[in-house]
Structures are given as structure tokens and as C-alpha cells.
Amino acid sequence: MKNVNDSSAVAYASVPTQHNYNGGVFPEIVVNNESCSTVEETVAFVKANQSELEAKLAKSGALLFRGFPLDSAETFDVFSAGFGYPNFTYQESLSNAVRINYTERVFTANEAPKDVEIFLHHEMAQTPISPSKLFFFCKTAADEGGATPLCRSDKLFEALKAENPELASDFKEKGLKYTTTMPAANDINSGQGRSWKSTLSVETVEEGEAKLKELGYSWEWLEDGSLKAITPVLPAVIELNDGSEVFYNQLIAAYMGWKGVRENPSSAITFGDDSAIPKEGLERIAELSEGFTFDLEWQDGDVAIVDNYRAMHGRRPYSGDRKRVVLVALVASER
């Protein structure tokens, strides 16, 4: 870290790997200028500077807070609540990731094994209900690896439009459908191992079918008791208030990380008209994303706020004896 600016109430830092877009940096890094020694003082700092912080977040897509007195799920809960955003609980989500709640607001980011990579995605973009912002808190960083890659999806879509305007247009005009299989019971060894009962917040097959119908899904029950569900048509591209178009979906995560999808993409992802997405297009999108991705190397106590509409995120594999603990709190949609 270098170039700390202490001339204003909000102190910023820079690192050599930050990206520069449209006269701003990605991500913005806010450091404690030694005025915050308690979580209460940190919340007061947020409230006093919230307009500036939100403007930075809207332009950058991600804010990293470093050096603040946050060391537990409880202090992270207080900090994230201090922004006054509407809460989006894990229980009400349709996420298929297995997670563990610490407080009503705070839960683990993912319980997938440490050698599993979680590829870039917008949180819950493969469902009809997704959060607008994500708070990530690093309680303990891994010994080796475990970075959270952050990707500017607006810049990715700009690059795709320039290189392959026909494919970009297909995504924008046709949208997407996702097919997922929810197991009968939670599988903690899978990045997508949440059971259909937990995902849908139901107890019976009849309740599950009623929920799916309400959300516009089609579905099939499999012999082992798992549930194959196909979404209604969901957007692949959204337009933000500033007019920028964002590649808002889970295509990279699905293609690169979901079981069997590289071999047969249409088993999990198609255009909204049920036509196949060209495999070479999916390969190229994954390649292009690397040029717009910043790896957030966590330090204990870090908090990152990610604009879920502008930036994708993921998780690099990690190793070592120290358990990586990254917690999350979600903000309900404001669009």
C-alpha cells in the first residue's frame, strides 16, 4: 500500500495491481486514518462520509476497507448494518451454495472445499431474485491463496461487443435460461450442494412445486429425490443508471465450474429461446474476463463492498493450516 491521502475525512490508498477505468480506480481502497478505534466510531465515520463512499462505489464497482477495528461476525454485522441498506437474508435467497449463518445478517461466503475454485459470477444472477450489493468480511485469511477475484462486467461486455457484436446482441436480446439440480439433502462437498428444501424454503414436494410455479420455473423430479429446475428467461445483460451495459449473469461460473457443463454447455445454460450458446463464445468470454479482473488478496479484518450489478466475484483455491473464513452480508435489490 502507498500514497495514502490524509487530506480529507476519507483516506484512500493504492496498490500497483489496481485497475484504472474512466478516470477512477478499481477497486477503491479506504484505509483507517487512525480516527476509528472502535466499531462505533467506524459506523459514525461511514455515516459522516456515506455520500462520498457510495459515489466511489457506484463508479468503481468495489470498495475495500482496510485497517478498521473489525474482528468478528458481530462487529461486521454492526458495520454492514451501519449503511442502512435493506437486508437480504440467506434463507430468503435461492442460492444453491451451502452456507452457515453466524447472525441473521451474516453468513459464510461458501463452504466449498478449499481446493475448489469458484469462478466469476454475479451473486444469484441465475435466479429471479438477486442482491444489489455484497459485503465481504475477512475474519481470517488463508496461509496461501484464497483471493477473491473481482471483475468489471461492464468493461467485459464492452470488449465482447467490440470483438463479437453478433454474440453480444444475442445475449442482450435473447437472455438466458439456467438448469440446476438441487440434491435431496445438503452436500457440503459441492459448491452447489444446497438441498431443494433449503433452497426453496419448503418442507414438502407440494410446497416446492408451488414455489417453483410462483417463480416461473419448470422442473423435473429425479429418481434419487433430487430436483432438476429450469429458470424462466433471465437477463444476460442489464443497463445501469449511467447507461453502461453489464454482462450480468453466471455464464463463466456455470461453464467453468459446474459439473459437466464444459462438455455439454446446454445441460445447464442456453439462450432464452432454448438455443445453444456457442462453446467457443463461452471460452472467449472466460478469456476476456481475465483482463478486467483484480485479485483481492485478503488481510485479516478487511471488508469489501461489491456492487453486484457492476462487478463479478469468485474465489481462488487456497492451502495451508489456517482456515480461510470470509463472511458475507447481502443487500436487497434497490432497482
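Let's start at Phe 247. Leaving aside residues up to four places away in sequence, Phe 247 touches His 122, Ser 153, Leu 156, Phe 157, Leu 160, Phe 171, Ala 236, Val 237 and Ile 285. Contact here means heavy atoms within 4.5 Å.

A word on the source. This is a predicted model, where local features need pLDDT of at least 70 and side-chain atom pairs count only at pLDDT 80 or more, while totals for chains, interfaces and linings use all residues. Residues are numbered from 1 along each chain as its sequence is written, and side-chain values use heavy atoms, with hydrogens and water left out.

Now the cores. Phe 247 belongs to the largest nonpolar core, which has 59 residues. Leu 160, Phe 171, Ile 269 and Trp 298 are also among those with the most contacts inside it. By nonpolar core I mean buried Ala, Val, Leu, Ile, Met, Phe, Trp, Tyr and Cys residues joined through side-chain atoms within 4.5 Å. Buried is under 20% relative accessible area, with a 1.4 Å probe and protein chains only. Helix 8, residues 251-257, gives the most to this core: five residues. Helices are DSSP runs of H or I, at least four residues, and strands are runs of E, at least two, numbered from the N terminus. A second, separate core has 27 residues, including Phe 83 and Ile 305.

Next, helix pairs. How do helix 4 and helix 9 pack? Helix 4 is residues 153-163, helix 9 is 279-289, the angle is about 130 degrees, and the axes are 10 Å apart. Axes are lines fitted to C-alpha atoms over the stretch in contact, with angles from 0 to 180 degrees between N-to-C directions. Helix 4 and helix 9 are therefore oblique to each other. Under 35 degrees counts as roughly parallel, over 145 as roughly antiparallel, 65 to 115 as roughly perpendicular, and the rest as oblique. On the helix 4 side we have Leu 156, Ala 159, Leu 160 and Glu 163; they meet Arg 284, Ile 285, Leu 288 and Ser 289 in helix 9.

Val 39, Thr 42, Val 43 and Val 46 of helix 1 make the contact with Thr 75, Val 78 and Phe 79 of helix 3.

Last, helix 3 itself. Its buried residues include Phe 76, Asp 77 and Phe 79. The buried residues of helix 3 pack against helix 1, strand 6 (62-66), strand 10 (133-140), strand 20 (303-307) and strand 23 (325-331).

How values were computed
Buried < 20%, exposed > 50% of the residue type's maximum accessible area, 1.4 Å probe, protein only.
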